[in-house]
Amino acid sequence: MNIGIQLDRQDFLYDIHSLVKSFFPEDEVSVYTDADTDKCGIKRDLLFRVEIPSYEDRKAAKDALKRELYGTLSDLTGIRLPWGTLSGIRPTKIPMGMLEKGRSDEEIRAFLMENYFVTPEKCGLALQIAKTERELLKGIDLSEDSWSLYFHVPFCPSICLYCTFSSSPYGAWKKRTGEYIATMLGEYRRFLEESGTGRPPSTIYIGGGTPTSLTAEELERLLSGIEELTDTRAALEYTVEAGRPDSITPEKLRVLKAHGVTRISVNPQSMNPETLELIGRAHTPEDTVRAFYLAREAGFDNINMDIILGLPGEGAAEVSRTLDAVRELKPDSLTVHSLAVKRASRLRQTIREDREKDAGADYGNFQGRIFENSREIMALAADCAKDLGMEPYYLYRQKNMKGNLENTGFARPGKACLYNILIMEEVQAIRAFGAGGSTKTVSPDGRIERVISPKDVKTYLERQAQRTGTVS
């Protein structure tokens, strides 16, 4: 279905589009103004006309407009969104801010329900996580000159069907990974020299991609280089996303352990072999089990696992099989993702091609497979985490998530990822290095500034070479 939202002026285009798309996730939604005469003349299956009221308080006007539009769309579709009118990625920031002001649980719940139409269930989840985050943040120095450190390793054994992260196949870059590591370390060294910071980072996080796509020798070079520049032992937490089970070896785990890494991930996404093959994960459920126990044998006592709900062909039965396997392994934390079918992913393109081949097929029916996620399936994952002694500790949302739900991190006591909380709550500077790295500066007045490096590895290397006067 082709849906049009015609506004009398340009205010709130993004917010209105996000809200309408939440009700019609599988349809084409266009938001435009009266001035866009070429778009106004297109015939739509469904057309909404929205007049933007005059306002002095932009946020109050936006929230009021979204409430009115939500009521119209909810009446039309019979749908009540779990997160109501909230379309941002950090819904827990609202209860966090209210807790800081001394508001009671009842006041926070009422505010979320009355102003944003959040369901009672999600109000409870957001409030619980905000309280947990607040408690954990007390153990971190958040003074103005505090910071955390991130390195991006943009290589994977293969690229998953749903992926839109800054990542490339390791095989295509293996002749230049040494150059990439040296360039990234050089970028970090220049930052330290120019900033003059003398204090170590609160947390260190090496993400990707899949950092363990690198060889054991390359990991040694990267971690040794970081140690030469930074007192890594002073960090409260040192994470490396091992991620893909097919990239994990005893030699690599020994390197990570020798350099003081305290937290790693072993991410199956699913424990169903047919799903893994379909989404382009070149490993089996057995590989995940092998990699997990190798990490335990190497002495890692803080292992995270990621799973994705809503993968093609996976309903409650398939998710339950994955969760049963997770219960057997007993990780220390579990991150539950709700699949987001993003525009730039190969999955979105494949779905679109299937739709064009068969105009009568339902959008989202990829090769006859369903895309299913629901509150009931999310509850299965939450129950699994509870069985393992975990509580939710951080949460974020994305556009185009199946079921309009959320990604939630669960952890046992003492095993929560502090870096994840710092990223979500935006209370500390993050200095990021590598292709696609996003540096974030937090001003005393709360203003956030971001500087993002080029995602393309070749472009990143060329830009860094230009800055240093070398030839890439």
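Start by selecting D456, which caps the N-terminal end of α17: one of its side-chain oxygens lies 3.3 Å from the backbone nitrogen of K458. (A polar contact is a pair of N or O atoms within 3.5 Å; within protein, one must be able to donate a hydrogen and the other to accept it, and residues adjacent in sequence count only if both atoms are side-chain atoms.)

A quick note on what you are viewing: this is a predicted model, where local features need pLDDT of at least 70 and side-chain atom pairs count only at pLDDT 80 or more, while totals for chains, interfaces and linings use all residues. Residues are numbered from 1 along each chain as its sequence is written, and side-chain values use heavy atoms, leaving out hydrogens and water.

Now select residues 457-468, the 12 residues of helix α17. (Helices are DSSP runs of H or I with at least four residues, strands are runs of E with at least two, and both are numbered from the N terminus.)

Next, colour V457, Y460, L461, Q464 and A465, which are buried (under 20% relative accessible area, with exposed over 50% and partly exposed in between; 1.4 Å probe, protein chains only). They cover an arc of only 130° around the axis, which puts them on the same side of α17. (The arc is that of the directions from the helix axis to the C-beta atoms.) On the other side, find the exposed Q466 and R467.

Zoom in on Y460, which counts as buried because its relative accessibility is 0%. Beyond its neighbours within four places in sequence, its contacts (heavy atoms within 4.5 Å) include Y180, M184 and P454.

Finish just after α17 at G469, with its positive phi of about 75°.

Key. The expected span of a helix is 1.5 Å times one less than its number of residues.
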